[in-house]
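This briefing is meant for a reader who is meeting the structure for the first time. Please look over the sequence and the model below before going through the points that follow.

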Amino acid sequence: MKEAKATIDFPTETIKEGKVKVLVPELKAFVKQPSDYAPSKAPVFYNPVMEFNRDLAVIALQAYQRIRAYQISICEPLTGCGIRGIRYAVEVDGVKEVWMSDINERAFKLAGYNVQTNGLGERITLKHSDANLLLAQHSAPRKRFDVIDVDPFGSPVAFMDSAVRALRNEGLLALTATDLAPLCGVHPKACVRKYGGRPLRTEYCHELAVRLLAGCLASTAAKHDIGTRVIFSHSANHYVRVYATIAYGAKKADESIKNMGYVLHCFNCFHRETAAQPLAHTGKCEECGSKLSVAGPLWLGKIADRKFCELMAEEAKRRKLRLGDRIGKTLVTVGNEAEAPVTYYVVDKICDALNLPVPPVQKVAWALVEEGFLALPTHFSTKGIKTDSPAVEVKAVTRRLTQAHNGKS
Ligand SMILES: C[S@@+](CC[C@H](N)C(=O)[O-])C[C@H]1O[C@@H](n2cnc3c(N)ncnc32)[C@H](O)[C@@H]1O
Ligand SMILES: [Zn+2]
């Protein structure tokens with residue numbers, strides 16, 4: 001152990017996350033000025049903010065393993081200090097083996113040390129390898145994994161093809177994307193280039209980001225005659241995350257491609273709608289006649305499965321997680337919005353445009369329900385409402401509420 005530690009040539013500290021203790025870069029040692037983003041300044045990547053992401057991943061993999069009901073194999077090909085893969089080996093029941101790799105030699109050494117100190121040498125195989133190479137070596141039928149977790153810097157697109165090929169039929173693929181500037185429409189060209197779909201800088205751009213990522217996965221898998229089904233997804237901090245199961249077969253691929261389409265948005269009046277083909281559309285907003293902007297092609301299908309969220313919530317309750325409350329709330333909200341319409345309205349944005357004071361979002365939702373519409377909170381935004389109401393009605397309800405509040409009704 002001492003020898004392994006001696007090869008780590010930068011400041012480190014031991015942290016506890018979930019049920020594991022691991023050695024990580026001592027982030028404050030790498031911050032030279034306040035604007036420095038510590039996780040990427042350290043010689044090995046480690047981001048404490050991603051604890052929430054990793055907690056949810058542990059829970060999702062456990063829920064998935066319970067469904068499969070056999071010993072699963074997991075691959076985390078971009079492992080950094082190894083914390084994620086080590087947590088899978090320690091905290092998920094029914095895990096046969098975990099394969100991890102990193103191209104960075106110092107990450108490989110640090111992850112190796114952490115594997116050893118956690119006594120996991122038998123169940124974890126760690127490689128100093130390129131992720132695509134490791135995945136390609138596991139693309140033959142009996143070598144494939146049950147679960148692959150692609151958690152890179154920026155975009156997971158470069159690893160998508162080989163990840164899909166290295167998954168067993170019915171396997172689970174988890175993808176993190178931190179490149180929100182392209183996905184949320186700040187750099188639309190980069191999004192088209194990487195994800196094959198146009199983003200839009202709307203108030204619901206984080207949902208579009210999830211749908212662009214899920215759409216890119218569906219198109220990538222379809223090339224291999226593989227269908228995809230998104231069972232869980234979420235957006236938090238600086239990233240979006242998608243969990244999808246795959247199913248072999250050209251028919252499955254055709255079925256999943258049917259979920260691809262476009263979101264048409266009116267920047268003048270908040271109207272939005274979906275379309276399988278934008279060319280079949282007039283391109284004009286049906287509420288105000290303005291020109292519509294187009295996002296996509298992207299995934300219009302479900303971005304979570306309510307039952308899977310419930311299973312995850314049960315798993316979360318069984319564990320003592322530091323972020324347990326936040327996790328519980330996220331799972332309830334994502335589960336509830338699983339069947340809700342595509343996109344959401346943000347009350348603040350509407351009030352901004354109409355020059356109104358901002359009423360509590362819950363009151364707007366209740367008023368919409370009283371009008372006979374569906375209205376649900378969304379985990380994407382604390383000020384967001386998922387509803388089947390047209391934009392004109394959301395605005396009317398908001399206006400009425402604020403006028404009543406000011407005694408003007
Ligand atoms: C965001 S970090 C991983 C964080 C880790 N999954 C966690 O939960 O803490 C991305 C890692 O991918 C590694 N990496 C980048 N390109 C790679 C490649 N082509 N093959 C393998 N590892 C790579 C980097 O060295 C880095 O450690
Ligand atoms: Zn309009």
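This is a predicted model: local features need pLDDT of at least 70, side-chain atom pairs count only at pLDDT 80 or more; totals for chains, interfaces and linings use all residues.

Why can helix α10 be described as largely enclosed by the rest of the structure? The reason is that 16 of its 18 residues are buried.

**Helix α10 and the residue after it**

- Helix α10 covers residues 205-222 and reaches 25 Å from its first C-alpha to its last, which is close to the 26 Å expected at 1.5 Å a residue.
- Asp225 lies in the loop between α10 and β8 (226-236), and its phi is near 60°, a positive value in a residue other than glycine.
- With a relative accessibility of 42%, Asp225 counts as partly exposed, because that class takes in values between 20% and 50%.

**Helix α5**

- Helix α5, made of the 13 residues 105-117, reaches 18 Å from its first C-alpha to its last, close to the expected 18 Å.
- The buried residues of α5 are Ala107, Leu110, Ala111, Gly112, Tyr113, Asn114 and Val115, and the buried residues of this helix pack against α1 (2-6), β2 (20-25), α4 (83-91), β4 (95-101) and β5 (124-127).
- At the N-terminal end, Asn104 caps α5, with a side-chain oxygen 2.8 Å from the backbone nitrogen of Arg106.
- Following α5 comes Gly119, whose phi is positive and near 65°.

- For comparison, the ideal angle for four tetrahedral donors at a metal is 109.5 degrees.
- Cys266 is buried, with a relative accessible area of 1%, whereas Cys288 counts as partly exposed at 33% relative accessibility.

**Around ligand 1**

- There are 19 residues around ligand 1, of which Glu76, Asp102, Asp130, Ala131 and Asp151 come nearest.
- The side chain of Glu76 has an N or O atom 2.7 Å from a nitrogen atom of ligand 1, and the side chain of Asp102 has an N or O atom 2.6 Å from an oxygen atom of the ligand.
- Ile103 takes part through its backbone, where an N or O atom lies 3.2 Å from a nitrogen atom of ligand 1.

**Residues in loops**

- His138, in the loop between α6 (131-136) and β6 (145-150), counts as buried at 8% relative accessibility; leaving aside its neighbours within four places in sequence, His138 is in contact with Trp99, Lys143, Arg144, Phe145, Arg165 and Ala166.
- Ser389, in the loop between β15 (381-387) and α16 (391-405), likewise counts as buried, at 4% relative accessibility; not counting residues up to four places away in sequence, Ser389 touches Tyr345, Leu368, Phe373 and Val394.
- Glu26 is found in the loop between β2 and α2 (38-41), where its side chain makes a polar contact of 3.0 Å with the side chain of Lys28.
- Beyond its neighbours within four places in sequence, Glu26 is in contact with Pro11, Thr12 and Glu13, while the C-alpha atoms of Glu26 and Val230, 204 residues apart along the chain, are separated by 36 Å.

**Backbone features**

- Most residues other than glycine have a negative phi, and most peptide bonds are trans.
- Ala69, in the loop between α3 (51-68) and β3 (72-76), has a positive phi near 60° and is exposed, with a relative accessible area of 59%.
- Gly296 and Pro297 are joined by a cis peptide bond with an omega of about 5°, and Pro297 has its place in strand β12.

Methods. Residues are numbered from 1 along each chain as its sequence is written. Chains are lettered from A and ligands numbered from 1 in the order in which they are written. Side-chain values use heavy atoms; hydrogens and water are left out. Helices (H or I, at least four residues) and strands (E, at least two) are DSSP runs, numbered from the N terminus. The expected span of a helix is 1.5 Å times one less than its number of residues. Buried means under 20% relative accessible area, exposed over 50%, partly exposed in between (1.4 Å probe, protein chains only). Contact means heavy atoms within 4.5 Å. A polar contact is a pair of N or O atoms within 3.5 Å; within protein, one must be able to donate a hydrogen and the other to accept it, and residues adjacent in sequence count only if both atoms are side-chain atoms. A residue is near a molecule or strand if one of its heavy atoms lies within 4 Å of it.
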